[in-house]
Structures are given as structure tokens and as C-alpha cells.
Amino acid sequence: MAMAFKMATTGMWVTEECKSSFWEMKWKKGHRYIVFKIDEGSRLVTVDKVGGPGEGYDDLAASLPTDDCRYAVFDFDFVTVDNCRKSKIFFIAWAPTKSRIRAKVLYATSKDGLRRVLDGIHYEVQATDATEMGFDIIQDRAK
């Protein structure tokens, strides 16, 4: 098994791929977003999907399942009123109402451990449906 980072509170492990993909998104701008999932059998947090630099927020929203939980990080680039280019990284805890109770509990208890491994997150959004994580919410929080 590749190197993994243990999340003490839940016994889950975050794979090295999660950390390296996040690093590549944060510093090299190689990804616009990353979706993570928990494999309950192996007790690993793994990368589920990576969005290329040309993809946008709508692509991220479309990649989240309607009946299962996920974590996602999104690199939001914008220009301030002072004409400065900025970038903020959002952590999204996705727990749709149709997902299993067990999955909701597992994702809720493992969230903080994953956030500690992914150093450099600016904002967190928790959503149970698409309206709670709309692009307008992301824009408002970043400014």
C-alpha cells in the first residue's frame, strides 16, 4: 500500500494520492477541483475524480452523486475590485438527503481529519443539495 495518513478519530486513512493531488492543484494549478470518497471496506479516503484546469464549478457540481456523500475541494480564481488576481480553495462536504445514514455519519466524523491533511483550505461549505453550494455562494464567501 502506498503511504497513507491516519485520521486518529475515525481510524480512516488518507492516501498519498489525495495529498499529492491537492498539492498539485494548490501550487501547480494542475486541477480545478478534486472529489474524494471513502472506501468503507479498506477504510481509505481516495481520489474519486479530478477536474482539469479548463473545467469549472458546474463540472464539479455535476460530478457529485445524488445519493452518496463525497468531499470536494475547488480552486476558485477571481479578480478583486482592486484588479488583483486571487485564488481561494473551498472544501465542500457533500451529504445529499438521499444518502445512507451510515455514510452521512462516516463522512461527518472523518471530515476534520481530511481537512488537516489538506493544508491550505480557506473556506468550508456543507451541502445537502445543489442550492446550498451554488456558485453564487462560493463567490460571496470568497470576497
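**Entry 1. Conventions.** I worked with a predicted model, in which local features need pLDDT of at least 70, side-chain atom pairs count only at pLDDT 80 or more, and totals for chains, interfaces and linings use all residues. Residues are numbered from 1 along each chain as its sequence is written, and side-chain values use heavy atoms, with hydrogens and water left out.

**Entry 2. Annotated span.** I looked up the record first: an unreviewed UniProt entry carries the annotation "domain: ADF-H" for residues 11-143. Positions from UniProt are given in the numbering used here, feature names are shortened, and annotations may be inferred rather than shown by experiment. In the model, this span of residues 11-143 is 34% helix and 33% strand, and its end C-alpha atoms lie 36 Å apart. I took helices (H or I, at least four residues) and strands (E, at least two) as DSSP runs, numbered from the N terminus.

Entry 3. Two strands are said to pair if DSSP finds at least two bridges between them. I noted Phe 91 of β6 on both sides: Val 73 stands opposite Phe 91, and Phe 91 stands opposite Glu 124 in β7. For Ile 92, the bridge partner in β7 is Val 125. β6, α3 and β7 together make a right-handed β-α-β unit; right-handed means that, with the strands pointing away from the viewer, the path from the first strand over the helix to the second runs clockwise. Seven of the ten residues of β6 are buried, so this strand is largely enclosed by the rest of the structure. My classes of relative accessible area are buried (under 20%), exposed (over 50%) and partly exposed in between, with a 1.4 Å probe and protein chains only.

**Entry 4. Largest pocket.** I recorded a volume of about 170 Å³ for the largest pocket. The search used a 1 Å grid over the protein atoms alone; a pocket is an open set of points where a 1.4 Å probe fits, with protein on both sides within 12 Å along at least five of seven lines, and lining residues have an atom within 4 Å of a point. Grid points are joined across faces, edges and corners, and the volume is the space filled by probe spheres set on the points. The lining includes Arg 70, Tyr 71, Trp 94, Lys 104, Ala 108 and Gln 126. The elements that give two or more residues to this lining are β5 (70-79), β6 (85-94), α3 (101-117) and β7 (123-127). The largest share, four residues, comes from α3. By type, the lining divides into seven nonpolar, two polar and three charged residues; Ala, Val, Leu, Ile, Met, Phe, Trp, Tyr, Cys and Pro count as nonpolar, Asp, Glu, Lys and Arg as charged, and the others, Gly among them, as polar.

**Entry 5. Ala 108.** This lining residue is found in helix α3. Ala 108 counts as exposed because its relative accessibility is 52%. Its C-alpha atom is 9.5 Å from that of Cys 69, 39 residues away in sequence.

**Entry 6. Positive phi.** Most residues other than glycine have a negative phi. I therefore looked for exceptions. Asn 83, in the turn of the hairpin that β5 and β6 form with five residues between them, has a positive phi of about 65°. Asn 83 is exposed, with a relative accessible area of 63%. Arg 43, in the loop between β3 (33-39) and β4 (44-51), has a positive phi near 60°. At 34% relative accessibility, Arg 43 counts as partly exposed.

**Entry 7. Two further residues.** Is Ile 34 buried or exposed? Ile 34 lies in strand β3 and is buried, with a relative accessible area of 0%. The C-alpha atoms of Ile 34 and Ile 138, 104 residues apart along the chain, are 16 Å apart. Lys 143, in the segment after α4 (135-142), is exposed at 68%. Between the C-alpha atoms of Lys 143 and Lys 86, 57 residues apart along the chain, I noted 9.8 Å.
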